Amino acid sequence: MQLPEPILVFDIGGTKVAAAVLEPDFSLHQRQEIATRAAEGPERVAQRTAALGHAVMRRYAGTQGTIRRAGVASAGQIDRKTGVVRYATFHLPGWIGFPLGERLASALEMPVSVDNDVNCHALAEAVLGAGRPYRHFLLAAVGTGIGGGVVIDGKLYRGRLGGAGEIGQVLVELQGGRPCSDQLSGCLEVYAATSVMLQQSGYASVQALAQAYCNGEAVPAVDEAARWLGWGLASIAHVLAPEAILIGGSAALLGARYLDAVKAAFVERTLPSHRDTALLFTQLGADSGLIGAGLIAAEL
């Protein structure tokens, strides 16, 4: 499979914005990053994102050619048809209702397709990564928070207004749960995200935590988070009955020991008919959002 033409791609998160040109063979060229500086508001972030896109295109045009379309993987719930952000957490203040696709299309002077970032991750894994053998799978993106992407019968399932797959908000503790975003409590992401592991373990970064854990050190915070994730995924598996669950995000740095702990907790809380569900890491790494954005733009 190849893309029909090169595509300008973006991955917009609460911390950083990445941009590159995705070639027909799915290689990324002229990749650049800037800080999101989300507190400045969506209009300013969109302006800086467009400026980053123009910089990438200028560098690319010097050696390759012209770009005619763009794809964007963005945090938040995205209305796929309109490119409007229907919901965003405190990580992107002021983004609810923001016409991201329209703003970028105007600034870049080209058609722009926008979708949720984890949806883009899932699509990339379905086409090029660990999801290729499966028609039905769930992608759990475990990082600062927890997001999800659902593939059913080989196609992304977005649900109402692009809001499907928000597995981080699955309720895992009914009473006295830890506070979550938007006055919710007891949600999976405040028990299983890598940010929680860092808070409870005292490590300065996920990389330092992962190095210690992969070297065999005892890190109870990781073991606890793995159990919560496995238990939460078990509940979701009873609803979706996926063939596989892919785990991506910074949690993938924790390696086989972590994945085994998640699997053990998953099996503990699932019916026998679901215990053979494959649990594995994603394959495409940090650039899967950019690749998925290109696939969205190409409507593949």
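Modeller: One term comes before the rest. A residue is called buried when its relative accessible area is under 20%, exposed when over 50%, and partly exposed in between. Keep in mind that this is a predicted model.

L3 sits in the segment before strand 1, which spans 7-12. Its relative accessibility is 4%, so L3 counts as buried. L295 is 292 residues away in sequence, but the two C-alpha atoms are 7.7 Å apart in space.

Now the salt bridges. The whole structure holds 15 of them. One joins the side chains of R69 and E5, with N and O 2.8 Å apart. E5 belongs to the segment before strand 1, and R69 to the loop between helix 1 (42-61) and strand 4 (70-74), so this pair ties together parts 64 residues apart in sequence. The two ends differ in cover. E5 has 10% relative accessibility, so it is buried. R69 has 26%, so it is partly exposed.

A second bridge runs from R31 to D287, and its closest N and O atoms are 2.8 Å apart. R31 lies in strand 3 (residues 28-35), while D287 lies in the loop between strand 12 and helix 9 (288-297), so the pair ties together parts 256 residues apart in sequence. R31 is partly exposed because its relative accessible area is 32%. D287 is partly exposed because its value is 24%. This bridge does not stand alone. R31 and D287 are linked with K16 and E33 in a network of salt bridges.

R103 is partly exposed, at 29% relative accessibility. E43 is partly exposed too, at 36%.

Finally, look at helix 7 (residues 220-240), which contains V239. V239 has 69% relative accessibility, so it counts as exposed. Together with I152, Y157 and L240, V239 forms a nonpolar surface patch of about 380 Å² accessible area. For contrast, take H274, in the loop between helix 8 (255-268) and strand 12 (278-281). Its relative accessibility is 13%, so H274 is buried. Leaving aside residues up to four places away in sequence, H274 touches A237, H238, A241 and F266.

Definitions and conventions
Residues numbered from 1 in each chain as written. Predicted model: local features only at pLDDT ≥ 70, side-chain atom pairs only at ≥ 80, totals over all residues. Heavy atoms only, no water. Patch = residues over 30% accessible without salt bridge, like charges linked within 9 Å, V, L, I, M, F, W, Y side chains within 5 Å. Areas by Shrake-Rupley, 256 points an atom, 1.4 Å probe, with all protein chains shown as cover. Salt bridge = Lys/Arg side-chain N within 4 Å of Asp/Glu carboxyl O. Helix = DSSP H or I, 4+ residues; strand = E, 2+ residues; numbered from the N terminus. Buried < 20%, exposed > 50% of the residue type's maximum accessible area, 1.4 Å probe, protein only. Contact = heavy atoms within 4.5 Å.
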